[in-house]
Amino acid sequence: MEEKKRGLRCRICTGCGLCPGVTASSGQTAGMHVLGPEAGAALFDERRPLHGGGRRLAAADIGTTTIAMLLYGEDGAVEDRYLTVNPQTVYGADVLSRIQAAEDPVKAADLKGMALKVLRQGLLRFKARLAPGEELCLVYAANTTMTYFLQGIDVWELGHAPFFASHPKPADMEIEGVPCFGFPCFSAFVGGDILAGVLACRMAEQEGLTLLVDLGTNGEMVLGNSRRRIACATAAGPAFEGGPNRGVWGADMISILAALKREGCMDATGLLAEEFFEKGVRVGNVRVTQEAVRAVQLAKAAAAAGIEVLLEKYGVRAEQVGRVILAGGFGYYLKPSDAAEIGLLPPALAKKAVTGGNTALGGCLAAGRAVFAGGRESLEAGLEQTVEGTEIVNLANEPAFSKKYLEFINF
């Protein structure tokens, strides 16, 4: 979508790897090894036919900030895409703002209608590409709040203690005549998009430890293997998606702050040098303000503390983790060495970081393959087993989290 380009990147980045300068053959971007060139390719999974038997697969990642949809061909390649900003942002950039807005029944209905409208538009676009006799089906993944909105379920319980999700498994639905399958959610704050990511990276099938990190408007992390998994969520707000420096990609902001620290323009406490404190410092065509630094500082401290809590509760050191998968558009362009420079990732984990692209869409593709192969029941059973075998940690109830949060405030 050329009209959405800004420089070499799309205004809406899903980590698809199709921007200029990122190729499958180069295998590198921003100093990081790239696992696959397309968002829809399940991690470590070669492209192969879908064998839909006259059915075509569409996948959707319904995020808080963006909604990304892909249409796959019979050969498993991406044939078309539909990307847009989530129109629900008019009610707030974060899920809690929208949960509060949804206390008004009129606004709640509007929030549902907005999500459905985007999916309808994407599906109508995809249906126009179908050959005569072909049918379309959709697999979608979303965080818990987006799932509730789409299903028309009251979100009140997601925004009030004890923050319990009593409807973790979305019901099958139909949009524009297209049957839709949605991923179940882990908890109120760890959603189906993360379960899709776990499926995409095959965490529940492997012996080695994997840390899946998805940092966006919300920050979710899962650590584990086939025997045990533990997950948590942190509130990042818009800090990793521009924040006060709206329009600056989060990964770029991390690199900018790392450079400011190295050059002595910002100290370890996040304070800009005196000459830059009032008006900020210009780096290229970006003016970084003190407000923007503080926003990233708070978000990265929460994410780093969350990772440390997971490691401690699992009883392992960072060196024992076999791979770190950074999901989404943020992870796609994040330079691990810069993440380590500002304390977002421990150095031992940064060395093992790989980009996963859009793991939510990758999980949708994997699920679609299972459905097309006649394995709907085994897929659902496997997902249920993964959910049941994953411990959810509420960081607000973890005394260690507050302590570690303060430890990681500094850069």
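User: Which strand does β16 pair with in the parallel sense over four bridges?

Analyst: That's strand β17 (residues 353–357). Strands here are DSSP runs of E, at least two residues, numbered from the N terminus, and two strands pair if DSSP finds at least two bridges between them. Within this pairing, Val 324 stands opposite Ala 353. β16 also pairs with β11 (residues 210–215), in the parallel sense over five bridges, and there Leu 212 has Ile 325 as its bridge partner.

By the way, this is a predicted model: local features need pLDDT of at least 70, side-chain atom pairs count only at pLDDT 80 or more, and totals for chains, interfaces and linings use all residues. Residues are numbered from 1 along each chain as its sequence is written, and side-chain values use heavy atoms, leaving out hydrogens and water.

User: Is β16 buried or exposed?

Analyst: Buried means under 20% relative accessible area, exposed over 50%, partly exposed in between (1.4 Å probe, protein chains only). Five of the five residues of β16 (residues 323–327) are buried, so the strand is largely enclosed by the rest of the structure.

User: What about its two faces?

Analyst: In a regular strand, side chains alternate between the two faces of the sheet. Here Arg 323, Ile 325 and Ala 327 are buried on one side, and Val 324 and Leu 326 are buried on the other.

User: And where is Phe 189?

Analyst: Look in the loop between β10 (178–182) and α4 (192–200). Phe 189 is partly exposed, with a relative accessible area of 35%.
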